[in-house]
Amino acid sequence: MPHALISFKKFEDGRCREGGMDNSGFCNDNYNSGGSDDDMVDISGATLDFSEDVPPIERDHFGAVTSSGGVTNGHAKLMDLLDEAVPGVGTYEDFNTIDWVREKSKDRDRHREIANRSKQSYWALLHSVNDAFSGWLLMLCIGLLSGALAGLIDISSHWMTDLKEGVCLDGFWFNHEDCCWKSNETTFHDRDKCPQWKSWAELMVGASEGASAYIVNYLMYVSWALMFAFLAVSLVRAFAPYACGSGIPEIKTILSGFIIRGYLGKWTLMVKTITLVLAVSSGLSLGKEGPLVHVACCCANILCHLFTKYRKNEAKKREVLSAAAAVGVSVAFGAPIGGVLFSLEEVSYYFPLKTLWRSFFAALVAAFTLRSINPFGNSRLVLFYVEFHAPWHLLELGPFVLLGVFGGIWGAMFIRANIAWCRRRKTTALGRYPVMEVMAVTLVTAVLAFPNEYTRMSGAELISELFNDCGLLDSSKLCDYGPLEGVSNITHSSNELPDRPAGAGLYTALWQLALALVFKIVLTVVTFGMKVPSGLFIPSMAVGAIAGRLLGVTMEQLAYYHRDWPLFKGWCSQGADCITPGLYAMVGATACLGGVTRMTVSLVVIMFELTGGLEYIVPLMAATMTSKWVADALGREGIYEAHIRLNGYPFLEAKEEFEHKTLAMDVMRPRCGGIGAGGRGRRGDPPLVTLTQEGMRLEEVEGLVVGSKYSGFPVVVSQESQRLVGFVLRRDLLISIDNARKHQEGVVSASEVVFSDPAPPQDPSGPPALKLRSILDLSPFTVTDHTPMEIVVDIFRKLGLRQCLVTHNGRLLGIITKKDILKHMAQMANRDPDSILFN
């Protein structure tokens, strides 16, 4: 007997294949729920149309039943239950997993039908061309819409962030930079000051300096921050609860095949776009880059409904969502190639080569759209774009690796602290008052942030300041160096400025940065996961950039004062530009972001696209890999995987290896009444609920379905033999029975339910049989009871299965669902198996 006996049979006529036997806690019994992710969050009272998402159904005709003597049963010719597509059959309930195999088979059948028709007429050929081109047109629309929304978010958040400090008299809609851009009264050193821009203290008390002015500006800063945060959390709570958080953990779960209706809907898109601007402008320790992935996926899901090919196929829709994830990173960092690799490495579950090409095209269109909008006014796609001109030396790899160690430790510690805080939020009264939590964290953040100019500025501005390569024309305190000793006149260009001694302003900036580092580390832990849109990319990069800049300045001063040390001797001479502190900030940002997310290739490419310098790939790679190794040594999960596990989403992580020596019989449910040798199952499980292919009356089937919470039922030849025939879904069964009672004449509770073909002879005087073979999955995936669980887990991962039946010598023993595997893996890892629920 082979270890894994798996049935691979062609799906004929697109028969419905979905389900999982045990779905208590995931599905509701309302089988009239829709099949689209675009419904509102509250779908209990929605009016739904099932004319979509219906696969072609096999046609069996209920003609008049002829007896052996050739006499008909006296009933008029009845309409076959499945003579027409039954609305709802083949769709999925909320919080269920799609059947990838059925969806792919359905798309192949559709493509085959279009190809055959294209040979019959020019109109059909045109339809075939349109079908082939629709994917690229959809990617174009997603790129345009996502790029436009990203530009709107960038412009709005920049303006509202500046609004906390003052207002432009020439037009309140101008931010600080735009207000002073055309002013003729600005100086180089005070280019951020102009008569057109007034601080709140100047408007209220008529003074720009002094204790009263400081207090007024302080109070206005805190007031605006509280108002923005209150609006954000109120809108999320009232209109779109799914708009909170980063969204990437849920996107990963959805891309694995899970259905979360409303998560990618219109309300979520609108509310997340608005509240993302408010949350970023409030000054909380969060970023907009992660939520932009959610925004792009919402755009993709909504636009999918314009194209039949994607609207009616959940697997095809997830290919589009994978491309949309790449678009989100493309507009967040201005890194189209990095976005594609991010989707491939971090979020996508199924990523064929065709999706790779289309992701690249969509990311390109989105980046071009954002570049055309030019939200930052610098002809760049991000605020912290930077170019370094001084090369790095091989001996600097030591400090770069040290930054990688710091990033790995920070990432692992942050994940543990944040998950502990989020778990406390879920299990205590704190979780019942999300508005109060957001307001309290915002108040603490604003009060502590205002006195320090590096915490007062936005995350993107802070990173831009830290990445900056100081030149002669820079007026920042980080570039406040003393005169170069022994050199009376510096003739170097600003790009080749030699190392200089630190000035008083730089020392002040270093102390402020050290305080900002502690501020960011602590507040990011409690901010991420609150009921507002909150990304993690910018806060993580800010922590790493601060640490990197501190180390970079330290190395720079050591190189200036101790050129005779072995570390610097031979390559760092007098008057040379040896150390670039901005490069250390960039390496530190990469290391910390890698430690939190465990990204590798995509992260290096994103940072490379930010700098535009090939020569810095080696330092980035060294820091990234060191960060990942250190973080993995302290904890195997990245932040997104940790939040998936915290929320109990049914997600099989491809990176997690199954190393335990268990068999299918140890995981299956239940032990089938002693049938078959060796079936062990778990104790306390109810008996296996099965249907027979013949002999059951309609009232028996209805009673069995209503009396259980399973989402699918195996069909056997008879209760005595337990020979497997197929698998039928609860949803399809209920919808078909309901449709038969409404449209088929003579169907009563005493009617026989038949799954066999041909149907057995019927009593001419009795009610007509209800033939349901067309909704029966005749080739369910099966394994033997002695199949190793590592093989079963691989099957579930690579084929995207919802359930697998367990047999012994062809006789049904039990069933293994995706939820069973997750519970078993949690139990083997000494975690609570009951946490595998949708919370």
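Trainee: How many salt bridges does the structure hold?
Mentor: The structure holds 25 salt bridges, a salt bridge being a side-chain nitrogen of Lys or Arg within 4 Å of a carboxyl oxygen of Asp or Glu. This is a predicted model, in which local features need pLDDT of at least 70 and side-chain atom pairs count only at pLDDT 80 or more, while totals for chains, interfaces and linings use all residues. Residues are numbered from 1 along each chain as its sequence is written, and side-chain values use heavy atoms, with hydrogens and water left out.

Trainee: OK, which residue does K252 meet in a salt bridge?
Mentor: The side chain of K252 meets that of E641, at 2.6 Å from N to O. K252 lies in helix α6 (residues 248-255) and E641 in helix α22, so this pair ties together parts that are 389 residues apart in sequence. Helices here are DSSP runs of H or I with at least four residues, strands are runs of E with at least two, and both are numbered from the N terminus.

Trainee: And are K252 and E641 buried or exposed?
Mentor: Both K252 and E641 are buried, where buried means under 20% relative accessible area, exposed means over 50%, and partly exposed is in between, using a 1.4 Å probe and protein chains only.

Trainee: What about R669, which residue is its salt bridge with?
Mentor: R669 forms a salt bridge with D820, and their closest N and O atoms are 2.7 Å apart. The pair links distant parts of the chain, with R669 in the loop between α23 (664-667) and β3 (691-692) and D820 in helix α27, 151 residues apart. R669 is buried at a relative accessible area of 7%, and D820 counts as buried at 2%.

Trainee: Switching topic, which residues form the nonpolar patch on the surface?
Mentor: The patch is formed by F133, W136, L137, L140, L144, L353 and W357, which together have about 650 Å² of accessible area, by the Shrake-Rupley method with a 1.4 Å probe, counting only the protein chains shown as cover. Patch residues have over 30% relative accessible area and no salt bridge, with like charges joined within 9 Å and nonpolar side chains (Val, Leu, Ile, Met, Phe, Trp, Tyr) within 5 Å.

Trainee: Where does the largest share of the patch come from?
Mentor: Helix α2 gives the largest share, 5 residues, and α2 (122-163) and α12 (353-373) each supply at least two. L140 is found in α2 and counts as partly exposed, at 31% relative accessibility.
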